[in-house]
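Welcome, and please open the model in your viewer. We will walk through it one selection at a time.

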Amino acid sequence: MPELPSDNKLIRDYAHGFVTPVEEEVVPPGLNEDIIRLISRKKEEPDWLLEFRLRAFRAWQRKTEPRWALVTYPPIDYQAIRYYAAPRSLSAGQAVDPEIARTFERLGIPLDERRRLEGVAVDAVFDSVSVATTHQKILEEHGIVFCSFSEAVRRVPDLVRQYLGSVVPPGDNFFAALNSAVFSDGSFCYIPAGVRCPLELSTYFRINAAGTGQFERTLLIADRDSHVSYLEGCTAPIRDENQLHAAVVELVALEGATIKYSTVQNWYPGDEQGRGGIYNFVTKRGDCRGARSRISWTQVEVGSAITWKYPSCLLRGDDSVGEFYSVAFTNRKMQADTGTKMIHVGRRTRSTIVSKGISAGESVNTYRGLVQIHPAAERARNHSQCDSLLIGDRCTANTFPVVESDNPTAVLEHEATTSRISEDQLFYLQSRGVDPETARSLIVNGFCREVFKQLPMEFAVEAVKLLEIKMEGSIG
Amino acid sequence: MSKAWNTVSEAPAIPLPPGTANEPPALSARRSEAARRAADLPPPAPHDEEWRRTDPARFPLDAWPPVHLEPRPPRPADADPLDEFFDVVIEMDGSGWSVRDRGGVTQSGRIAVLSLAEAAERHPDAVETLWTLEPAVRPRDRHEWAAMAAAAGVFIRVEPGAEFARGVLVRVRQPAGRWFCPLTMLDVSERSTLHVVSAILSEPGDGLAAETVRYRVGAGGRLRLARLQLCAGGPSQMEFVHGRLSEDAQLDAVSVHLGGAAVRSRVGAEAAGRGAGVRIGGLLLAAGTEQADQQTVQIHSAPDTTSDLLFKAAVRDRARSVYRGLIAAHRGAVRIAAYQKNQNLILNEGARVDSLPGLRIDADDLTCTHGATIGSLDPDELFYLRSRGLPESVARRLILEGFFEEIVSRLAMPALRDVVRRHLAERMDAPA
């Protein structure tokens with residue numbers, strides 16, 4: 001597909017919408033055991049991993065696509081999708097293709113060692129494969145393993161085998177089963193006991209090839225008393241077709257470990273008429289396995305035609321902490337059904353949920369959440385706050401929380417509000433000479449502040465800018 | 001719906017109660033339609049989202065023979081001290097229903113108390129409207145259609161501008177071993193005021209009671225609706241309360257549940273006219289192995305409407321309470337204020353609470369808020385009272401009374417408040 005002229009309005013709205021002209025190696029469309037064997041063979045995987053895939057595939061075949069989320073889309077033809085696409089130059093074992101390096105450079109992620117991002121180690125995933133991981137040397141000094149999933153299978157097979165599928169089992173749900181069967185690459189990270197990771201770790205996901213889906217898998221293990229902050233970013237070209245992105249992210253925090261996982265999701269959302277865009281159907285789950293462990297999810301969702309994801313925390317260790325901070329912005333005909341699950345199993349476990357939904361245009365934005373207190377979760381504590389902001393009278397905002405308590409000593413609070421931008425705040429700003437567009441933008445930023453301040457500095461700045469761009473023209 | 005009218009000849013799979021054969025044709029047709037709808041829907045399964053939290057086996061539809069509520073003369077044995085606070089007292093039980101007009105208000109022609117069959121003759125439009133009222137966001141399920149098929153009872157209509165010093169008491173005694181489906185239709189005309197109190201009692205034993213209440217309130221009218229369920233044990237209970245408010249109409253509803261082995265209720269209101277206001281309060285104290293599943297629906301389909309809901313529940317022993325709430329704001333329902341709050345106390349280990357508040361918002365210029373809390377009695381408050389010499393049991397009861405008082409005080413009549421407080425105290429002190 002040729003690139004759109006740069007003065008095209010879409011390009012202005014979505015600057016990441018270009019296509020990289022690289023020759024890609026793809027598998028034929030369709031999904032069956034042969035395709036899975038082919039993917040596994042291409043990646044030279046051990047037998048146990050192929051077995052894992054096949055088990056997942058059989059589980060997937062028995063499952064039906066979930067329809068309970070408040071999103072509508074035409075049936076997906078799973079046999080029409082290509083489950084593997086990799087730049088040909090990479091499979092020839094060369095250094096990073098200059099075209100791909102340029103792509104990531106355009107996306108603000110330089111891969112070459114001299115100009116790489118200060119303080120951030122990046123694993124760049126291009127379609128189905130990881131193309132480069134920066135800052136390897138520093139990480140190795142600390143004993144940190146941070147590499148593509150395929151490499152991890154070769155380098156640390158025992159770790160991968162021990163933890164893969166231990167948080168999101170292969171048959172967990174329809175899309176997780178699909179991912180477990182066909183996942184092509186992703187990032188793997190292991191932080192040894194007592195290590196505080198000196199860099200922000202980051203994965204950048206890029207869909208490039210047409211007619212493919214991206215099914216990456218992230219596995220992050222923080223050993224006892226370690227600490228890691230992990231960032232994830234995503235973009236895709238502008239296309240008229242819908243592309244499926246079904247990822248699985250598994251986090252394991254052992255005793256005293258802290259994982260901070262931040263996402264800025266800016267997949268292509270489709271055009272004004274709702275044509276094209278990414279279906280982002282993702283399973284993300286963190287397991288606070290050890291006592292005093294902590295997992296914190298921060299997500300800024302501004303892209304995708306459909307977002308369907310519920311980053312969750314399983315709070316098994318006593319005194320473990322789960323956090324979920326989310327901004328979900330929907331515009332045009334975008335649909336988001338997103339939220340979190342906090343499952344309190346251990347004693348004195350605590351969780352915080354802060355969800356900010358902003359709906360504009362004709363979009364549908366739904367918060368769906370579960371807080372569950374198991375009988376043994378003595379003195380567990382949860383506070384949830386879900387606010388929705390409405391811009392325009394054709395959008396929809398829904399809030400469906402579920403709170404379940406099986407323990408009398410647990411304390412749970414949930415509050416939610418839905419309203420539009422306050423006239424008083426607008427008037428106040430405008431009377432001080434701020435133009436209406438900037439005033440609205442300021443108010444929206446204030447609305448999201450609690451979430452943005454959880455992001456690492458550079459990401460927070462990006463998130464604010466991104467939201468500003470996304471809001472342009474959405475206000476009538 | 002019109003299609004269903006033409007196919008009434010098909011035999012319904014859900015049996016209709018005896019005695020419905022001589023009803024007006026429009027009513028029989030509606031009844032058959034309801035029976036067929038019920039038969040068409042699959043029986044509830046434990047994995048259905050709607051039934052995930054309540055055991056469907058506690059609400060078997062075909063286990064009990066249906067009762068048909070026919071009018072019968074009042075019996076002196078029915079009298080109760082509470083009656084003197086009301087103009088009209090209606091009894092509904094396994095033997096039929098009766099009406100006593102203590103204040104002689106029906107003679108004035110300003111209020112009519114009719115059987116469903118009579119109402120279908122004299123006020124066909126009103127019966128049709130009330131029969132078909134349902135919240136679109138929560139369509140009728142199998143149980144509700146089946147209850148409509150077998151429903152019989154009373155239709156109360158208040159003429160425009162009418163107001164009464166005292167209200168109407170509907171005393172429902174649920175018979176054991178039966179499928180009992182009393183119906184109450186309330187047609188409150190413009191600018192009039194009606195106060196209806198339902199007292200729900202039950203015979204000991206098994207059975208299934210499904211009560212349907214449908215109301216509409218005309219422009220500027222006002223309906224006060226108090227429902228007190230004061231029986232422990234007895235048949236499993238379902239209730240389906242829903243109605244519509246016109247311009248500037250007001251609803252003030254309070255529901256009290258103090259017992260019932262298995263309770264499944266839905267209380268709904270649609271603010272369908274500009275300026276309409278809805279206020280709903282609920283109180284539940286469940287003990288033993290009781291299961292309660294309460295649902296509320298606040299629908300805003302007109303601008304400048306308000307709703308305010310507060311549901312409070314406390315569970316002890318091994319009881320379980322589920323609250324499911326929904327605020328739906330339709331497109332064009334601007335400048336509305338909707339509020340929904342659910343507060344829960346778990347009094348001991350083994351009891352369980354689920355809370356599912358929900359918002360569905362399709363309009364922009366509005367404020368909708370919901371809140372839910374789950375916790376136990378505040379240890380600081382307990383400590384405060386105990387440090388002043390109160391025994392723990394008294395301190396706990398006082399705090400619990402305080403928790404519920406916010407709802408009890410919403411009841412309009414002091415006599416009712418006393419009844420509720422007395423029952424609350426008994427339930428709080430009862431041994432596990």
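Before the first stop, one term: two strands count as paired if DSSP finds at least two bridges between them. Keep in mind too that this is a predicted model.

**Stop 1: a strand inside chain A**

Select residues 248-253 of chain A, which form strand β11. How many of its six residues are buried? Six of the six are, and the strand is described as mostly covered.

Six bridges link it in parallel to β13, residues 277-288 of chain A. To see one of these pairs, pick A:E250 and its bridge partner A:R285 in β13(A).

**Stop 2: the nonpolar core**

Stay with A:A222. Leaving aside residues up to four places away in sequence, which residues does A:A222 touch? They are A:I191, A:V228, A:V252, A:A253, A:L254, A:A257, A:T258 and A:I259. A:A222 belongs to the largest nonpolar core, a set of 245 residues. The residues with the most contacts inside that core are A:A222, A:I259, B:I90 and B:A329. Apart from it lies another core of five residues, including A:V122, A:A124, A:Y204 and A:F205. In soluble globular proteins, nonpolar side chains tend to be buried together.

Zoom out to the whole of chain A for a moment. It has twelve helices and 23 strands, and 56% of its 476 residues are buried. Among contacts in chain A with a separation of 6 or more, 82% join residues 24 or more positions apart.

**Stop 3: where the chains touch**

Show both chains. The contact draws 27 residues from chain A and 30 residues from chain B. On the chain A side, the elements giving two or more residues are β22 (396-405) and β23 (411-420). By type, the chain A side divides into eleven nonpolar, ten polar and six charged residues.

Select β23(A) and look at its two faces. The covered face holds A:L412, A:H414, A:A416, A:T418 and A:R420. On the uncovered face are A:V411, A:E413, A:E415, A:T417 and A:S419.

Which strand of chain B is joined to β23(A)? That is β21(B), residues 366-375, which runs antiparallel to β23(A) and is joined to it by eight bridges. Find A:T417 and look across to B:T369, which stands opposite in β21(B). Within chain A, β23(A) is also joined to β21(A), residues 381-390, by ten bridges in the parallel sense. One pair to show there is A:S388 with its partner A:T418 in β23(A).

**Stop 4: two helices of chain B**

Select helix α2 of chain B, residues 25-40. At 1.5 Å a residue its 16 residues should span 22 Å, and the end C-alpha atoms are 22 Å apart, so the two values agree. Its buried residues are B:L27, B:R30, B:R31, B:S32, B:E33, B:A34, B:A35, B:R36, B:R37 and B:A38.

Next, pick B:E128 in helix α4 of chain B, residues 124-132. B:E128 has 14 C-beta neighbours inside 10 Å, so it counts as partly exposed. Draw a C-alpha to C-alpha distance from B:E128 to B:A26: the two are 8.6 Å apart in space although 102 residues apart in sequence.

**Stop 5: two loops with positive phi**

Finish with two backbone angles. Most residues other than glycine have a negative phi. A:S304 is not a glycine, yet its phi is positive, about 75°. Look for A:S304 in the loop between β14 (294-301) and β15 (306-309) of chain A.

A:R348 also has a positive phi, near 50°, and sits in the loop between β18 (335-344) and β19 (350-359) of chain A. Is A:S304 buried or exposed? With 30 other C-beta atoms within 10 Å, A:S304 is buried. A:R348 has 19 such atoms within 10 Å, so A:R348 is partly exposed.

Note on methods: Residues numbered from 1 in each chain as written. Chains lettered and ligands numbered in written order. Predicted model: local features only at pLDDT ≥ 70, side-chain atom pairs only at ≥ 80, totals over all residues. Helix = DSSP H or I, 4+ residues; strand = E, 2+ residues; numbered from the N terminus. Buried ≥ 20, exposed ≤ 12 C-beta atoms within 10 Å, placed from the backbone. Contact = placed C-beta atoms within 7 Å. Nonpolar A, V, L, I, M, F, W, Y, C, P; charged D, E, K, R; others polar. Expected span 1.5 Å × (residues − 1). Core = buried A, V, L, I, M, F, W, Y, C linked by C-beta atoms within 7 Å.
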